[in-house]
Amino acid sequence: QVQVVESGGGLVQAGGSLRLSCAASGSIFSIYAMAWHRQAPGKTRELVASINSGSSTTYADSVKGRFTISRDNAKNTVYLQMNSLKPEDTAVYYCNADLVPSTSWRRGNYWGQGTQVTVSS
């Protein structure tokens, strides 16, 4: 059984910062990429940032220069440091892990339940 759990969301004023964490746990053989996505009300889910096993990163244009993704491979954890937050960053943030469970040996994408980030103006 694999679990992906996010934490760190909350309410912050515009210009403020938040740090999200996401831990993958359970019977995991290997984790490839981990990523953060977000979904605002009435909008489709979008990729915010991703990081692969070699720590190469990609970012959505809307967050470049403000958000930083990092990972701790020993803890199977990925972080999203969000600075200079804007009201348009308000969304539910979801973590995704591309991994191989040691039970099935079938690579797949595993999602967390999401954490709410609200930025007030």
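Helices (H or I, at least four residues) and strands (E, at least two) are DSSP runs, numbered from the N terminus. The structure is a predicted model, in which local features need pLDDT of at least 70, side-chain atom pairs count only at pLDDT 80 or more, and totals for chains, interfaces and linings use all residues. Residues are numbered from 1 along each chain as its sequence is written, and side-chain values use heavy atoms, with hydrogens and water left out.

Asn-76 is placed in the loop between β7 and β8. Its phi is positive, near 50°, in a residue other than glycine. Burial is assigned from relative accessible area: buried means under 20%, exposed over 50%, and partly exposed in between (1.4 Å probe, protein chains only). At 25% relative accessibility, Asn-76 is partly exposed.

β7 (residues 67-72) and β8 (residues 77-82) are antiparallel, with six bridges. Ser-70 faces Tyr-79 of β8 across this pairing. Side chains alternate along β7. Phe-67, Ile-69 and Arg-71 point to one face and are buried.

β1 and β3 run antiparallel and are joined by six bridges. Here Val-5 stands opposite Ala-23 of β3.

Thr-77 is a residue of β8. It is buried, at 8% relative accessibility. Contacts are defined by heavy atoms within 4.5 Å. With residues up to four places away in sequence set aside, Thr-77 touches Cys-22, Ala-23, Met-34, Ser-70, Arg-71 and Asp-72. Met-34 and Thr-77 are 43 residues apart in sequence, with a C-alpha to C-alpha distance of 8.6 Å.

A disulfide is a pair of cysteine sulfur atoms within 2.5 Å. The count by this rule is one. The bond joins Cys-22 and Cys-95, with the sulfur atoms 2.0 Å apart. Cys-22 lies in β3 (residues 18-26) and Cys-95 in β9 (residues 91-101), so the pair ties together parts 73 residues apart in sequence. The torsion about the S-S bond is about -80°, so the disulfide is left-handed. Cys-22 is buried, at a relative accessible area of 0%. Cys-95 is likewise buried, at 0%.

A further set of pairings involves β4. β4 and β9 are antiparallel, over nine bridges. Ser-30 has Val-100 of β9 as its bridge partner. β4 also pairs with β5 (residues 46-51), in the antiparallel sense and over five bridges. In that pairing, Ala-35 stands opposite Ser-50 of β5. The β4-β5 hairpin has six residues between its strands, and Gly-42 adopts a positive phi near 80°. Ser-55 lies in the loop between β5 and β6 (57-59). Its phi is near 70°, again a positive value in a residue other than glycine. Ser-55 is partly exposed, at 42% relative accessibility.

His-37 is located in β4 (residues 28-39). It is buried, at 15% relative accessibility. Beyond four places in sequence, the residues it touches include Arg-45, Glu-46, Leu-47, Tyr-94 and Trp-111.

Two arginines lie over aromatic rings. The criterion is that NZ of Lys or CZ of Arg is within 6 Å of the ring centre and within 35 degrees of the ring normal. The charged end of Arg-45 sits over the Trp-111 ring, 4.8 Å from its centre. Arg-107 lies over the face of Tyr-32, at 3.8 Å from the ring centre.

Methods
Two strands pair if DSSP finds at least two bridges between them.
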